[in-house]
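Student: I have a structure open and would like to go through it with you. Could we start with the strands and then move on?

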Amino acid sequence: MTDVILYDYWRSSSAYRVRIGLNLIGLAYRSVPVDLTTGAQRDPKHLKANPQGLVPVLDIDGLRLTQSLAILEYLDETRAAGFLPKLPAARARARALACAVAMEIQPVCNLRVAQHAVSLGGSATMAGWMRHFITLGFQGLEPMLTGETPFCHGTSPGLADLCLVPQVYNAHRWGVDLAPFPRIAAIAARMEALPAIAAAHPDRVKPGT
């Protein structure tokens, strides 16, 4: 079997999701760091791997996969990971919760988006931008997390949980008050206590640590 290779940046939310997913299914991989702060994602070699100039990229099964949700669904379908429920209605809800983070909060808080917004001048700051949009996103997500399940949807970590943990990490990083979001905070804490997920934390995979 060929090596599984993850092109990764330690603080990337999208790459963090995939690290969690790989760890949860116990799939060993080799990490190739791509430093977004130095522009390594625009290097011709990386652009050959992903013309979008983004991370993550996962080499697996003779394939080169991009986009974190697509990667996680591939792992779910080929490794029986259990990231999505079987019933169509439940799958739709689980995907909606995941997309509430991955397609609503994270893109506008993407480093290149936030840097561009701040560069336009005015009163915008990086921290203020991040706090505003993470808070706004969590205000919509918190009431969606109905029920008494220990995770976003069900009794085991799923696609939405894999998206939530990196966003809560970013919330802590940028000083977002999580007191108004007790369900989000509780689910994230439950996830972070799992060894496989703790091992994917940015502080654990940062180059040089």
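Student: Which residue in S3 is the bridge partner of Ile5?

Tutor: The bridge partner of Ile5 in S3 is Asp59. This is a predicted model, in which local features need pLDDT of at least 70, side-chain atom pairs count only at pLDDT 80 or more, and totals for chains, interfaces and linings use all residues. Residues are numbered from 1 along each chain as its sequence is written, and side-chain values use heavy atoms, with hydrogens and water left out.

Student: How many bridges are there between S1 and S3, and in which sense do they pair?

Tutor: S1 and strand S3 (residues 57-60) pair in the antiparallel sense over 3 bridges. Two strands pair if DSSP finds at least two bridges between them. Helices (H or I, at least four residues) and strands (E, at least two) are DSSP runs, numbered from the N terminus.

Student: And what about S1 and S2?

Tutor: Strand S1 (residues 5-8) and S2 run parallel, joined by 4 bridges. Leu6 stands opposite Ser31 in S2, and Asp8 is opposite Pro33.

Student: Are the faces of S1 covered or open?

Tutor: Both faces are covered: Ile5 and Tyr7 on one side, and Leu6 and Asp8 on the other, are all buried. Buried means under 20% relative accessible area, exposed over 50%, and partly exposed in between (1.4 Å probe, protein chains only).

Student: New topic. How many aromatic pairs are there?

Tutor: The count comes to 4 aromatic pairs. Rings of Phe, Tyr and Trp (its six-membered ring) pair if their centres lie within 6.5 Å; planes under 30 degrees apart count as stacked, over 60 as edge-to-face and the rest as tilted. One of the pairs is Tyr16 with Tyr169, which is edge-to-face because the planes stand at 85°, with the ring centres 6.0 Å apart.

Student: Where do those two tyrosines lie?

Tutor: Tyr16 is in helix H1 (residues 13-24) and Tyr169 in helix H7 (residues 159-173), so the pair ties together parts that are 153 residues apart in sequence. Tyr16 counts as buried at 2% relative accessibility, and Tyr169 is buried at 11%.

Student: What is the geometry of the pair of Phe138 and Phe181?

Tutor: That pair is edge-to-face, with 5.6 Å centre to centre and 75° between the planes. Phe138 lies in helix H6 (residues 126-141) and Phe181 in the loop between H7 and helix H8 (182-192), so the pair ties together parts that are 43 residues apart in sequence. Both Phe138 and Phe181 are buried.

Student: Now pockets. How much space lies in the largest one?

Tutor: The largest pocket holds about 860 Å³ of space. On a 1 Å grid over the protein atoms alone, a cavity is a set of points where a 1.4 Å probe fits but cannot get out, and a pocket is an open set with protein on both sides within 12 Å along at least five of seven lines; lining residues have an atom within 4 Å of a point. Grid points are joined across faces, edges and corners, and a volume is the space filled by probe spheres set on the points.

Student: Which lining residues are closest to its centre?

Tutor: Of the 36 residues that line the largest pocket, the closest to its centre are Ser12, Leu36, Gln106, Asn110 and Leu111. H5 gives the largest share of this lining, 4 residues.
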